[in-house]
Amino acid sequence: MRWRAFLRQPLGVAGAVVLVLLGLAALAAPWIAPFDPNAIDLRAMQRSPGAAHWLGTDDLGRDVLARMLFAGRISLLLALAVTVLAVGIGTVLGAVAGFFGGWVDRLVSLATDALLSLPVLGLAMVAGSVLRPNLWTLAVVLALVSWPTLSRITRAQMLTLRERTYAEAARALGLPSRRVLFRHLLPNAVAPLIVAATLLAAQVMLVESALSFLGYGMRPPTPSWGGMLNEAQAFYRQSPWLAVFPGLAITVTVAALNFVGDALRASMGGRGG
Amino acid sequence: MVHLPKGGPADVYAADPSATPEAIERMKEIWGLDQPLHVQYARWVTRLAQGDWGRSYVERRPAIDVVADRLGPTLRLTGAALLVGLSAGVALGVLAGVSRRPAVQHAVRVVAVLGMSVPTFWSGAIVLLVFSSYLRWIPAGGLGTIGAAPTALDALWHLAAPALVLGSVYVAQWMRYVQAGLDSVAEDDFVRTARAKGLGRVRALLRHGLPNVLLPLVTVLGLELPRLLSGAMVTEVVFSWPGIGRLLHGSLVARDYPVVLGTLIVAALAVLIVNLLTDLLYGALDPRVRYA
């Protein structure tokens with residue numbers, strides 16, 4: 001990783017700063033939220049943004065800013081969890097497939113191709129409707145449909161890395177394959193994987209919010225940004241701020257992730273993802 | 001390739017209070033749900049291959065017909081979105097690839113990345129809110145004006161907004177391919193030859209470089225299609241577009257599993273067919289591939 005090269009990219013740095021701020025806001029939500037996100041106030045229904053409620057209130061008089069902050073916790077946590085899971089599954093499967101070849105490779109590649117040829121969102125919708133997910137099942141479902149991009153990249157990396165001389169040297173020393181693979185080869189594939197993981201996180205964020213928007217995410221009252229858009233659907237016309245802010249939050253987060261991923265890729269000399 | 005599990009049992013019927021246990025048992029016999037899972041699965045796959053995709057629980061007609069009815073609108077929407085994304089992406093990519101001014105390259109990149117970061121269900125809703133609810137410039141959704149005779153102009157008028165919204169997401173992808181392609185092709189021998197014979201840099205790139213950049217896009221098309229279909233699914237729901245995405249949504253809500261599986265199978269088949277076509281097309285367009 002070349003940090004200097006990354007720091008020279010204003011868009012990437014801006015994206016990283018935005019992500020850190022969003023993360024801090026999500027972590028601090030219980031202390032900085034002006035209201036209880038689920039407190040219903042029937043005297044203050046559908047207030048437009050103003051001094052008391054900065055981002056207005058929804059159809060039940062709940063404060064939109066407070067809900068956005070708490071929804072951010074869910075959305076960001078989900079994106080993070082799914083990315084970590086998907087990167088874990090994808091790297092291990094891809095590494096094993098690329099390193100050992102043979103029937104393992106054929107099996108993993110078949111699964112990768114099959115999953116890549118299906119619309120991710122459709123699969124997630126089916127799983128979401130059958131399972132009625134909570135936070136962790138939703139994360140697992142999304143991870144299970146998002147790992148193929150990572151496995152493909154890792155596999156391709158392994159195919160070239162395993163022919164390098166240091167791989168040969170490690171093998172000549174009599175190290176077990178597992179050690180050669182995970183201690184000597186995989187660390188050398190990390191750079192492109194970081195780029196791919198950042199861009200995957202952006203994709204995951206979009207799929208999760210689409211899923212929640214369609215009503216296959218987590219059940220109310222726990223909001224995520226997509227879920228807030230789903231709840232507000234009937235009131236877009238009377239209360240447009242209900243439509244604007246959660247969508248803006250999603251866009252800003254995804255754009256920040258994309259800019260960071262882009263800058264990382266550029267700072268690594270165009271290698272990877 | 002398609003190894004989808006058989007969808008859940010028709011326990012939906014049990015949820016109906018008027019259903020007696022005997023009726024449920026008979027129902028299970030008729031649907032074959034009393035058999036072990038692998039028997040059910042084998043039979044499902046066999047029937048699938050024979051063109052029997054089961055009957056829609058809701059519409060009470062073959063699921064394959066239900067899905068086939070919705071295929072046209074989805075193709076129309078994805079095709080139009082592809083056209084939007086591709087033309088804008090190639091234009092921006094050429095702009096970024098040809099221009100040597102960092103400001104232009106920067107601006108193009110920012111626009112493209114922002115475009116792919118906007119969730120379509122949100123931008124779609126905002127477009128509908130502003131241009132349909134407030135300004136009343138565009139219809140609120142659907143294939144055409146209900147009750148009016150279908151005309152091409154009316155269809156286009158309904159298609160424009162969802163296609164623009166969906167297409168905008170994919171601009172960045174195409175732009176990146178074109179820009180990267182132009183950058184690498186600029187060093188190639190045939191571009192250098194074209195310059196040596198006196199062509200300007202831009203003309204050499206566009207006349208001799210660009211065709212070589214655009215050709216591989218044909219194969220990218222097949223790889224991008226699953227993502228495009230995912231996007232179309234949400235866009236269809238937002239714009240009340242009667243395609244397979246909205247069908248999937250409706251069927252899931254109604255627990256109409258034969259149709260749910262049918263839509264997924266059709267999506268997978270579409271991707272397979274497009275990939276096959278792009279491979280053939282690529283061979284036809286680029287003679288070098290034929291001997292590989």
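Q: How many of the 10 residues of helix 12 of chain B are buried?

A: The general idea is a neighbour count: a residue is buried if 20 or more other C-beta atoms, placed from the backbone, lie within 10 Å of its own C-beta, exposed if there are 12 or fewer, and partly exposed in between. In this predicted model, 8 of the 10 residues of helix 12 of chain B are buried, so this helix is largely enclosed by the rest of the structure. The buried residues are B:I244, B:G245, B:R246, B:L247, B:L248, B:H249, B:S251 and B:L252.

Q: Which conventions apply to numbering and to confidence?

A: Residues are numbered from 1 along each chain as its sequence is written, while chains are lettered from A and ligands numbered from 1 in the order in which they are written. Because this is a predicted model, local features need pLDDT of at least 70 and side-chain atom pairs count only at pLDDT 80 or more, whereas totals for chains, interfaces and linings use all residues.

Q: What is the mean pLDDT of chain B, and where is the pLDDT below 50?

A: pLDDT is the predictor's confidence in each residue, from 0 to 100. The mean for chain B is 75, and 77% of its residues reach 70 or more. Over residues 1–17 of chain B the pLDDT is below 50, although this stretch has 27 contacts in the model beyond near neighbours in sequence. Where pLDDT is low, the predicted coordinates should not be read in detail. The model as a whole scores ipTM 0.77 and pTM 0.81.

Q: Which elements of chain B touch chain A, and which gives the most residues?

A: Across the interface, 32 residues of chain B are in contact with 32 residues of chain A. On the chain B side, the elements that give two or more residues are helix 5 (102–117), helix 6 (120–134), helix 11 (217–238), helix 12 (244–253) and helix 13 (257–285), and helix 13 of chain B gives the most, with 7 residues. For residue classes, Ala, Val, Leu, Ile, Met, Phe, Trp, Tyr, Cys and Pro count as nonpolar, Asp, Glu, Lys and Arg as charged, and the others, Gly among them, as polar. By that scheme, the side of chain B that touches chain A has 25 nonpolar, 7 polar and no charged residues.

Q: Where does B:L277 lie, and is B:L277 buried or partly exposed?

A: B:L277 lies in helix 13 of chain B. With 13 C-beta neighbours inside 10 Å, B:L277 counts as partly exposed. B:L277 and B:G115 are 162 residues apart in sequence, and their C-alpha atoms are 29 Å apart in space.

Q: At what angle do helix 4 and helix 11 of chain A cross?

A: Axes are lines fitted to C-alpha atoms, for helices over the stretch in contact, and angles run from 0 to 180 degrees between N-to-C directions. The axes of helix 4 (residues 64–100) and helix 11 (residues 190–214) of chain A come within 9 Å and cross at roughly 130°. Helix 4 of chain A and helix 11 of chain A are therefore oblique to each other, given that angles under 35 degrees count as roughly parallel, over 145 as roughly antiparallel, 65 to 115 as roughly perpendicular and the rest as oblique. The residues of this contact divide into 11 nonpolar, 4 polar and 1 charged.

Methods
Two residues are in contact if their C-beta atoms, placed from the backbone, lie within 7 Å. Helices (H or I, at least four residues) and strands (E, at least two) are DSSP runs, numbered from the N terminus.
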